[in-house]
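Colleague: I've got a model open and I'd like to learn how to read its helices. Can you take me through it?

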Amino acid sequence: MIVAGLMSLVGYLFCLSTPEETGAQTYIYIAVGAIAINTMISIISMLSIAGVVAELPQAVTLSSSVIQLVGTVCFLLFLKKVAEFIARSDLAASAQNVLNISLVVMVLTVGMVLVAIAGPVMLSIAGILGLIVAILGIVLFVMYILLLGKMRTALNPR
């Protein structure tokens with residue numbers, strides 16, 4: 001988790017040089033802040049497991065999911081704004097699609113947890129929701145990677 005967070009942070013930092021006229025800077029600043037906070041929470045959590053520092057309050061560790069969601073949403077909005085700025089409506093639409101599916105996955109995940117908490121009778125429903133979330137997650141990952149590749153190509157034509 002820490003390595004993934006640091007890699008994301010480095011990638012996001014490269015995006016900070018985006019020109020102001022794109023209208024996307026606010027989104028990337030928020031995304032960088034969110035990923036930086038989340039990475040710090042992960043590092044402190046690992047250090048607390050090792051006994052080096054005190055354990056973080058549960059509210060902080062639970063908030064990391066919300067912080068991650070905010071960062072992801074802002075990064076996708078950043079990509080959409082940049083795509084619109086370079087007049088690539090196809091890429092802006094792809095960014096919006098990735099964002100929409102991300103939000104569906106989030107809602108289904110929350111639903112899955114709530115259904116699982118409801119009791120053993122509902123576990124089969126939670127399992128079906130989990131399978132749907134897993135499949136959508138794979139689709140989402142592929143869509144995201146394709147979007148990033150197309151954005152890279154659009155921004156660095158040869």
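Modeller: Let's begin with exposure: buried means under 20% relative accessible area, exposed over 50%, and partly exposed in between, using a 1.4 Å probe and protein chains only. This is a predicted model, where local features need pLDDT of at least 70, side-chain atom pairs count only at pLDDT 80 or more, and totals for chains, interfaces and linings use all residues. Residues are numbered from 1 along each chain as its sequence is written, and side-chain values use heavy atoms, with hydrogens and water left out.

Colleague: So is M7 buried or exposed?

Modeller: M7 counts as exposed because its relative accessibility is 61%. M7 sits in helix α1, residues 2-14; helices are DSSP runs of H or I with at least four residues, numbered from the N terminus.

Colleague: How do α2 and α3 pack?

Modeller: Axes are lines fitted to C-alpha atoms over the stretch in contact (heavy atoms within 4.5 Å), and angles run from 0 to 180 degrees between N-to-C directions. Angles over 145 degrees count as roughly antiparallel. Here α2 (residues 25-49) meets α3 at about 150°, with the axes 8 Å apart. That makes the pair roughly antiparallel.

Colleague: Which residues of α2 meet α3?

Modeller: Among them are I30, A34 and I41 in α2, while the α3 side includes I67, F75 and K81.

Colleague: And which residues of α4 are buried?

Modeller: They include L91, V98 and V115. What covers the buried residues of α4 includes α3 (58-85) and α5 (123-155). Just after α4, G119 takes a positive phi of about 135°.

Technical notes: Helices (H or I, at least four residues) and strands (E, at least two) are DSSP runs, numbered from the N terminus. Angles under 35 degrees count as roughly parallel, over 145 as roughly antiparallel, 65 to 115 as roughly perpendicular and the rest as oblique.
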